[in-house]
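Dear colleague,

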Amino acid sequence: MCAMIRKSAPLGAHTVTIETGRMAKQAGGSVIVSTGETSVLVTACVGPHKETAGFFPLSVEYIEKFYASGRIPGGFKRREGQLSEAEILTCRLSDRPLRPLFPEGFKGEVQVIAQVISHDSENDADVLSITGASAALMLSNAPFSGPIAAVRVGRIEGKFVANPTWSQRPLCDIDVVIACTKDAIVMVEGEADEASEDDMLDALNFGFEAVQPLIKLQIKLAKEAGKEKMTFVSPKLDAALLKAVAKFIGTKLSKAMAISEKLSRYAAIHEIRAELGAKFTETHPGREREVGACFEELESNTLRDVVIKQRKRIDGRGPRDVRPITVEVGVLPRPHGSSLFTRGETQTLVTVTLGTDRDAKLNEDLHGKRDEHFMLHYNFPPFSVGEVKRMGSPGRREVGHGFLARRSVEKVVPSHDKFPYTIRVVSEVLESNGSSSMASVCGGSLALMHAGVPIKAAVAGIAMGLIKEGDDYVILSDILGDEDHLGDMDFKVAGTERGITGLQMDIKINGISRSVMSEAMLQAREGRLHILGKMNAVLSSPNEELSPYAPRITTIKIAVDRIRDVIGSGGKTIRAIQEKAGVTIEVQDNGTVKIASTSEKATAEAIEIIKALTAEAVVGEIYLGTVAKVAEFGAFVTILPGVDGLCHISELSDQRVERTEDICQEGDEIVVKCMGVERNGKIRLSRKEALGKTPTVAVTKTLDN
């Protein structure tokens, strides 16, 4: 067991420290990664290789402990429970760049757990956890061909910043997380305010250079404290068996893969595989797994050979071709906005619902509590791919795809101050054959415009792929599911006509050059503009009117010291207004009042009541008031709800008055003029100055009438 080792490296303006040998020493690998006062404990444990496993069982967990920022969790149990969406997204950020760096065919169970144990509310823990996962694996006996390191790249006023702080992030017009090896970028996910392709490439290059000290640090740490790596050699196919399988299949597989319709193609491939299994079970008993591996190798080679050699794809398209697109809007009568977006065999039904501040989602994390007024939820039911599966809560894939679509669309949505609605977008994937998240971007943009949300530009998304053999490569636009599964890159780019709003990239090979990445981005822009053209042909700008079923939110302002008059004791007054007018009312601490209703008449009624309740006396106005109290020196008159003034006995008449009661009694209505308002708020009234005049202000709308 090694002694504690602590090493540091610069990352932009920050210093990142990796420590091992002090905590969790029984784990296969354990590190604490820190920046500022934010620290993440990351462990890695490795199980033995299981030949019978059908996949590589890597699991990555990221957990934010509330004690890290001196907070107690909300909820009944007051302890951490189900992972939040933010935690799930960070798990995915770590999993995606780690998985390709294990040897092909390795099926040992690997578990990485990252726990935030200290948080200063300024330095984010998510990128630290990715670097920590790599460092823990480097120290363990896992056959991991890292290291990798991660950085968040922001751009503030034209200058790139490594790991911008929490308070700096709202200032960034580019915000991307990048994971790199010493040779190449292997994962990207982020957003931008319509950034150009060149600017995004510069951001990626900046991030690649920034993390290199962390790569070197991990290599040194592994040399000093790392365990001996377990021996694993990727299994090689039996050349003779592969030849026999290829001979049996002949040209059947290439013909089956040339079928453009997905389900028919899958059925034909399945039939060939079943015939192969039946035949080789007799001739090669006990080698079923090897036969299956040979079939998968031939399937991959068939697709890749056609693309590389013929520049042709399995559905007959050329590399740059986008599948046929059909766009419909307003397909559902009651949702506030809806669209049906179909691209090839991928189809999404997207709806928009508009709500009030009460409908906002409450987020609670290490930074505290805050309301979220824009949501995009992505659902992927099993029927979308013709399968029968149990339906449950959204999985990590659905959360990840929904977040990518959300961040891509949210960049064009107006701020809550300008459009004071809570917006929920829901994408129902009805059919899927590649790029359903990007279809959700397109459908979401259309549904928002149909709902009348004044987005600043339409957004479209496209998924790009790559087939690379040696120095030869082909970039594919609008990839199918097979091209994603059997290809070397999944690169999703969303944006407007002006630039990029969201992107996500995963590389399955050692890396790609800047020139290839630049070519992919430019080809993605070409495809995006093509898709935007199809969308604009149906709906090119937001509808001017909201749905008749959507609430109309009217905002008025009242004096802060009059809020209590609208709320009332225990909320009695505001509840009465809502019940009487049939509206929803929200009052903010700064005096902003939001009134929501589908009826303009109801809104007008509520506004009239609120204005009456909060009106201020105006010097020179003539009021029809009610005598509230009679005194020797004059009468107190209610001129507005909750607003009384004194009409001195000398101001009751143009003649001498001996007793106040000679002129008025409690409950009498009298016409008075506001003569002045003192600094202390006292109001001076005169009946004498109002004699013979018609009142200009009367309390005609109260909760009692």
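Helix α6 crosses helix α7 in a right-handed manner (right-handed if the near helix is turned clockwise from the far one by less than a right angle, left-handed if anticlockwise). This is a predicted model, in which local features need pLDDT of at least 70 and side-chain atom pairs count only at pLDDT 80 or more, while totals for chains, interfaces and linings use all residues. Residues are numbered from 1 along each chain as its sequence is written, and side-chain values use heavy atoms, with hydrogens and water left out.

Helix α6 covers residues 262-283 and helix α7 residues 288-310; their axes lie 10 Å apart at an angle of about 145 degrees. Helices are DSSP runs (H or I, at least four residues), numbered from the N terminus. Axes are lines fitted to C-alpha atoms over the stretch in contact, and angles run from 0 to 180 degrees between N-to-C directions. On the α6 side, I269, I272, R273, L276, F280 and T281 meet E288, V291, G292, F295, E296 and E299 of α7 (contact means heavy atoms within 4.5 Å). This contact comprises 6 nonpolar, 2 polar and 4 charged residues. In these classes, Ala, Val, Leu, Ile, Met, Phe, Trp, Tyr, Cys and Pro are nonpolar, Asp, Glu, Lys and Arg are charged, and the others, Gly among them, are polar.

Helix α3 (residues 197-225) and helix α11 (residues 514-536) cross at roughly 145 degrees, their axes coming within 10 Å. The crossing is right-handed. From α3, E197, M200, L201, D202, L204 and N205 take part, and from α11, R514, M517, S518, M521, L522, R525 and R528. By class, there are 6 nonpolar, 2 polar and 5 charged residues in the contact of α3 with α11.

Helix α8 (residues 396-410) packs against helix α9 (residues 436-451) at about 45 degrees, with 9 Å between the axes. The pair is therefore oblique (angles under 35 degrees count as roughly parallel, over 145 as roughly antiparallel, 65 to 115 as roughly perpendicular and the rest as oblique). The crossing of α8 and α9 is right-handed.

The structure holds 1 cavity of 30 Å³ or more. On a 1 Å grid over the protein atoms alone, a cavity is a set of points where a 1.4 Å probe fits but cannot get out, and lining residues have an atom within 4 Å of a point.

Yours sincerely

Methods. 1 Å grid on protein atoms, 1.4 Å probe; cavity = no way out; pocket = protein on both sides within 12 Å on 5 of 7 lines; lining within 4 Å. Points joined across faces, edges and corners; volume = space filled by probe spheres on them. Helix = DSSP H or I, 4+ residues; strand = E, 2+ residues; numbered from the N terminus.
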